[in-house]
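Let's take a friendly walk through one protein model. Have the sequence and the 3D view ready as you read.

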Amino acid sequence: MSLEQFNLNGKTALVTGGSRGIGKAIALQLADAGADVLITFARSSEAADEVVRQIESKGRKARAIQADAVDFAQAEQVIAAALEEFSGLDIVVNNAGITRDTLIMRMSEEQWDDVIRTNLKSVFNYSKAAIRPMMKARAGSIINISSVVGISGNAGQTNYSASKAGIIGFSKSLAKEIASRNIRVNVIAPGYISTEMTGQLDQSILKSIEAQIPLKRAGEPEEVANAVVFLASEASSYLTGTVLTVDGGMAM
Ligand code: NDP
């Protein structure tokens with residue numbers, strides 16, 4: 001096998017929530033592999049501009065668009081911008097996500113709805129909006145970022161695990177619907193990764209999580225991004241409907 005199969009030269013990628021954390025690492029690594037990259041963000045416009053600068057300094061085209069991932073009309077506008085300003089749309093990475101952790105006894109309807117809409121409906125929004133141009137091109141790779149807690153569950157995260165398990169069911173169904181059009185849909189389920197999302201955790205909780213990870217450490221955003229580059233590229237041409245855990249062995 002040649003490493004050429006990992007090459008994304010001439011491809012265009014869209015990463016939702018590309019301003020920080022895992023999404024930022026994904027955007028930068030897709031650019032390293034040769035792709036032009038469009039990112040979306042909710043609030044962090046300075047951080048998003050910095051990601052654009054970093055991608056451009058790699059000699060790739062980049063653009064950041066502020067778009068609330070829960071809004072389908074905005075998703076359609078983002079996809080239209082990708083098609084207009086870039087050479088097409090080959091890769092969509094549904095990464096935007098939030099947590100609103102608490103036990104169910106204390107969970108408000110708003111905390112439930114926010115997480116389901118941001119983490120799950122957003123995946124519907126961007127997949128649906130991207131499928132028409134991908135069908136036309138008879139090619140595409142959609143990569144949805146779930147979580148190991150979507151597989152194993154986690155106390156205090158009923159809303160989050162439901163959204164992440166929902167992503168897995170959605171992706172497998174979509175993979176079956178559009179495989180004949182040469183569009184692949186795969187899921188990455190990260191374990192515990194060092195970002196601002198997990199940075200809010202207490203040091204003692206952190207230590208106890210790390211103790212339960214076979215590789216005995218948190219993962220880095222770049223280690224998730226490596227898996228995204230693989231799933232985005234021709235190196236994974238025979239993979240669809242898979243769930244790839246990037247978790248230091250946590251879920252096994
Ligand atoms: P961060 O909180 O560090 O970053 C979240 C990103 O999502 C930001 O770019 C944020 O934009 C964006 N975002 C949030 N809400 C919206 C919205 N409504 N519309 C558009 N963009 C939005 O999270 P992580 O990098 O840690 O997580 C990224 C993904 O990986 C999430 O789906 C998360 O569930 C998943 N994951 C993370 C794990 C971890 O251990 N960190 C483990 C397993 C899965 P802005 O900067 O503007 O706020």
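This is a predicted model: local features need pLDDT of at least 70, side-chain atom pairs count only at pLDDT 80 or more; totals for chains, interfaces and linings use all residues.

**A strand and its partners**

Start with strand S6, residues 183-190. Eight of its eight residues are buried, so S6 is largely enclosed by the rest of the structure. Ile183, Val185, Val187 and Ala189 point one way from S6, while Arg184, Asn186, Ile188 and Pro190 point the other way.

| Partner of S6 | Residues | Sense | Bridges |
|---|---|---|---|
| S5 | 140-145 | parallel | six |
| S7 | 243-246 | parallel | four |

To find these pairings in the 3D view, look for Ser141, whose bridge partner in S6 is Arg184, and for Ala189, which stands opposite Thr245 in S7.

**A helix with a bend**

Does the span of helix H4 agree or disagree with its number of residues? H4 has 29 residues (109-137), which at 1.5 Å a residue should span 42 Å. The C-alpha atoms at its ends are 41 Å apart, so the two values agree. Helix H4 also bends by about 40° at Ile131, and the proline Pro133 follows within four residues. Just after H4 comes Arg138, with a positive phi of about 50°.

**A buried charge**

Finally, find Glu210 in helix H8, residues 203-212. Glu210 is buried but has no salt bridge. The nearest side chain of opposite charge is Lys207, 4.2 Å away, and a salt bridge needs a distance within 4 Å. Beyond its neighbours within four places in sequence, Glu210 is in contact with Tyr192, Lys216, Arg217 and Ala218.

Definitions and conventions:
Residues are numbered from 1 along each chain as its sequence is written. Side-chain values use heavy atoms; hydrogens and water are left out. Helices (H or I, at least four residues) and strands (E, at least two) are DSSP runs, numbered from the N terminus. Buried means under 20% relative accessible area, exposed over 50%, partly exposed in between (1.4 Å probe, protein chains only). Lys and Arg count as positive and Asp and Glu as negative; His and the chain ends are not counted. Contact means heavy atoms within 4.5 Å. The expected span of a helix is 1.5 Å times one less than its number of residues. The bend at a residue is the angle between axes fitted to the seven residues ending there and the seven starting there. Two strands pair if DSSP finds at least two bridges between them.
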